[in-house]
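Here is a short briefing to keep beside the model while you look around.

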Amino acid sequence: MKRPLFFLMTIALVAFGACQSSMKGLVGADRDDHGCIASAGYTWSYALHDCIRVWEQGHILSYGGQTAGLVFSADSVYAEVFCHDGRRVICRRKKGQTLWTARKTGEKVFVRNGVLTAELTEGVFTKE
């Protein structure tokens, strides 16, 4: 009586292990440190403190066939630029102005004459 029960338990454990290892390759099983699912298009935003799809919540800027995503924090103090190569630029707004500047690189985001612009090392990205 003990042998068939042991045999069934062994088969169940092997089957469970096989299911667990196959789940690693499932779409949506690729959460990052913040819990964002990259395969579903989500990335962590430091400005919004949330998992976002940049094209849904932000602005898409362009320059010479390249694009960059841009989101602003809820209080508009920070602007976060998502570059096409995966690089991110965090800019802080100067009080009373429509100019956000990155502290270390000097890259900036601004609005002038109704045109949203990001001056990055790659070039000047705009959205009209």
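Predicted model: local features only at pLDDT ≥ 70, side-chain atom pairs only at ≥ 80, totals over all residues.

**Leu-70 and the cores**

Residues are numbered from 1 along each chain as its sequence is written, and side-chain values use heavy atoms, with hydrogens and water left out.

- A nonpolar core here is a set of buried Ala, Val, Leu, Ile, Met, Phe, Trp, Tyr and Cys residues joined through side-chain atoms within 4.5 Å; buried means under 20% relative accessible area, exposed over 50% and partly exposed in between, with a 1.4 Å probe and protein chains only.
- The largest nonpolar core has 16 residues, and Leu-70, Val-81 and Val-109 touch the most other members.
- Two or more residues of this core come from each of strand E4 (66–72), strand E5 (78–82), strand E6 (88–93) and strand E9 (115–120).
- A second, separate core has five residues, among them Ala-47, Ile-52, Val-54 and Val-71.

**Cysteines**

- You will find one disulfide in the structure, where the term stands for a pair of cysteine sulfur atoms within 2.5 Å.
- Its partners are Cys-36 and Cys-51, with sulfur atoms 2.1 Å apart.
- The torsion about their S-S bond is about -90 degrees, so this disulfide is left-handed.
- Cys-36 lies in the loop between helix H1 (2–23) and strand E1 (43–45), and Cys-51 in strand E2 (residues 50–52); the pair links distant parts of the chain, 15 residues apart.
- Both Cys-36 and Cys-51 are buried.
- What about Cys-83 and its closest cysteine sulfur? That sulfur is in Cys-91, 9.5 Å away, which is too far for a bond.
- Cys-83 has a relative accessible area of 8%, so it is buried, and Cys-91 counts as buried at 1% relative accessibility.

**The chain overall**

- The chain has two helices and 10 strands, taken as DSSP runs numbered from the N terminus (helices H or I, at least four residues; strands E, at least two).
- Along the sequence, their pattern reads α-β-β-α-β-β-β-β-β-β-β-β.
- Of its 128 residues, 27% count as buried.
- Among contacts between residues at least 6 apart in sequence, 28% join residues at least 24 apart.

Methods. Contact = heavy atoms within 4.5 Å.
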